Amino acid sequence: MAKMSRLQRRLDKIPMEVRAAAATEALLGALALSEAMKQVVPVRTGKTKGTIRVERGKRGDRFYVKAGGAATTDEHGFDTATASEWGTQKETAKPWFYSTWRRNRKQIRAGLEHEIKKAVRKSNG
């Protein structure tokens with residue numbers, strides 16, 4: 001518990017401008033990633049493409065790219081978005097979600113690092 005409070009004190013010292021810059025860049029990265037995924041997702045009915053979305057995390061400074069859900073899940077719990085990514089016994093996998101993340105993660109992380117460093121320099125004057 002003491003370690004957590006020490007960590008929290010250190011995190012609380014991060015200037016709001018730096019937090020805002022990081023959150024903005026994280027959102028831009030997530031939006032770009034979701035658009036890249038929409039370009040490569042296998043299209044049979046088009047349902048999966050329509051479910052690719054960016055969701056905000058609980059704290060508001062994290063963003064998650066998600067796909068699938070109720071629109072791609074049948075009454076038996078079978079999610080076609082998951083099936084297209086990983087394959088089934090009858091259908092080969094057509095990876096698009098994680099492969100797109102792996103292709104883009106260095107660029108997204110570099111953008112985050114750049115914007116955070118820029119905001120820190122500006123904050124420190």
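Residues are numbered from 1 along each chain as its sequence is written, and side-chain values use heavy atoms, with hydrogens and water left out. As the model is predicted, local features need pLDDT of at least 70 and side-chain atom pairs count only at pLDDT 80 or more, while totals for chains, interfaces and linings use all residues.

**Hairpin and core**

Strands β1 (residues 53-56) and β2 (residues 63-66) are DSSP runs (E, at least two residues; helices are H or I, at least four), numbered from the N terminus. The two strands pair in the antiparallel sense over four bridges, where pairing requires that DSSP finds at least two bridges between them. Six residues lie between β1 and β2 in this hairpin, and G60 in the turn has a positive phi of about 90°. V54 has V65 of β2 as its bridge partner, and V65 lies with F63 on the covered face of β2, whereas Y64 and K66 are on the uncovered one.

F63 and V65 also belong to the largest nonpolar core, which has eleven residues, including L33, W96 and I108; such a core is a set of buried Ala, Val, Leu, Ile, Met, Phe, Trp, Tyr and Cys residues joined through side-chain atoms within 4.5 Å. Here buried means under 20% relative accessible area, exposed over 50%, and partly exposed in between (1.4 Å probe, protein chains only). Helix α2 (16-40), β2 and α5 (97-124) each give two or more residues to this core, and α2 gives the most, with four. Leaving aside neighbours within four places in sequence, L33 is in contact (heavy atoms within 4.5 Å) with V65, T100, W101, N104 and I108.

**Salt bridges**

The structure holds nine salt bridges, each a side-chain nitrogen of Lys or Arg within 4 Å of a carboxyl oxygen of Asp or Glu. Three of them are listed here.

| Pair | N to O distance |
|---|---|
| E91 and R44 | 3.4 Å |
| R53 and E55 | 2.8 Å |
| K117 and E113 | 3.1 Å |

R44 is exposed, with a relative accessible area of 63%, whereas E91 is partly exposed at 31%. K117 and E113, by contrast, are separated by about one helical turn, because they stand four residues apart in helix α5.
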